[in-house]
Amino acid sequence: MIILVTGFEPFGAHAVNPSEGLAKAVEGRRVGSCAVRSLVLPVHHASEDARMASALEELEPGAVVHLGLAAGRARIAVERVAINVMDYEIPDTRGLQPRGEACIAGGPEAYFSTLPLRDMLTALNEEGIPAMISNTAGTYLCNDISYTTLHALHGRALAIPIGFIHLPFLPSMVASHDREEPSMDGAMM
């Protein structure tokens, strides 16, 4: 079985994205009898959706874990829900900035993560890793990829674990911002 882990390229004012580094770091690892494959997604909604659809077809993963950056969060946040709306505060890397548009026209209002959130939270906290369950993946590309992946697999009647995890800034990112912001070391993530 394959566990697909995705991250995003840097975007906006960020020269790095911890989700990209983490996705690349787990490529090829084994978790029990499962092989981990990673995919770095572009920060552009049509391109990310196409890359993800292709990966789902090619890899037929048994689980999907999306990773993304959440500025201002001090803990790893396992996301409970993805909503059917794109309302970007900043443009994506191609200048697209939808406001109040559906991720999937006519799709359900929301999908809930199928990851074992409570078990994940317990495991992270037992390892001394600050984590929380979050009820908002936002309305940017993190929410969009979570929603569209859950929608695609729901349409195929595939019941596999899928969800999204938000990561804090890296300490080097905070140092370059010269502001008081929370961060977490990449090794801890």
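Which residues of helix H3 are buried? The close-ups below start there; keep in mind that this is a predicted model.

**View 1. The buried side of helix H3.** Helix H3 spans residues 117-126, and its buried residues are Leu117, Met120 and Leu121. These residues sit on the same side of H3 because they cover an arc of only 100° around the axis. Here is a handy rule to remember: an α-helix has 3.6 residues a turn, so residues three or four places apart point the same way. What lies over this buried side? The cover of the buried residues of H3 includes strand S5 (76-79), strand S10 (131-134) and strand S11 (162-167).

**View 2. The other face of H3, and what follows the helix.** Now look at the face of H3 turned away from its buried side, where you will find the exposed residues Arg118, Asp119 and Glu126. Follow the chain onward and you meet Gly128, which comes after H3 and has a positive phi, near 80°.

**View 3. Phe11 with Tyr140, a tilted aromatic pair.** The structure holds three aromatic pairs, and one of them joins Phe11 and Tyr140. A pair of aromatic rings is described by the distance of the centres and the angle of the planes. For Phe11 and Tyr140, the centres are 5.8 Å apart and the planes are at 45°. This pair links distant parts of the chain, as the two residues are 129 residues apart. Phe11 belongs to the loop between strand S1 (2-8) and helix H1 (18-26), and Tyr140 to the loop between S10 and helix H4 (141-155). Both Phe11 and Tyr140 are buried.

**View 4. Tyr88 with Tyr140, an edge-to-face aromatic pair.** Tyr140 also pairs with Tyr88, at 4.7 Å centre to centre and with 75° between the planes. Here, too, distant parts of the chain are linked: Tyr88 is in the loop between strand S7 (86-87) and strand S8 (99-101), 52 residues from Tyr140. Is Tyr88 buried or exposed? Tyr88 is buried, with a relative accessible area of 0%. Tyr140 is buried as well, and its relative accessible area is 15%.

View 5. Glu48 lies in helix H2, which covers residues 45-59.

Technical notes: Residues numbered from 1 in each chain as written. Predicted model: local features only at pLDDT ≥ 70, side-chain atom pairs only at ≥ 80, totals over all residues. Heavy atoms only, no water. Buried < 20%, exposed > 50% of the residue type's maximum accessible area, 1.4 Å probe, protein only. Helix = DSSP H or I, 4+ residues; strand = E, 2+ residues; numbered from the N terminus. Arc of directions from axis to C-beta. Contact = heavy atoms within 4.5 Å. Phe/Tyr/Trp six-rings, centres within 6.5 Å; stacked < 30°, edge-to-face > 60°.
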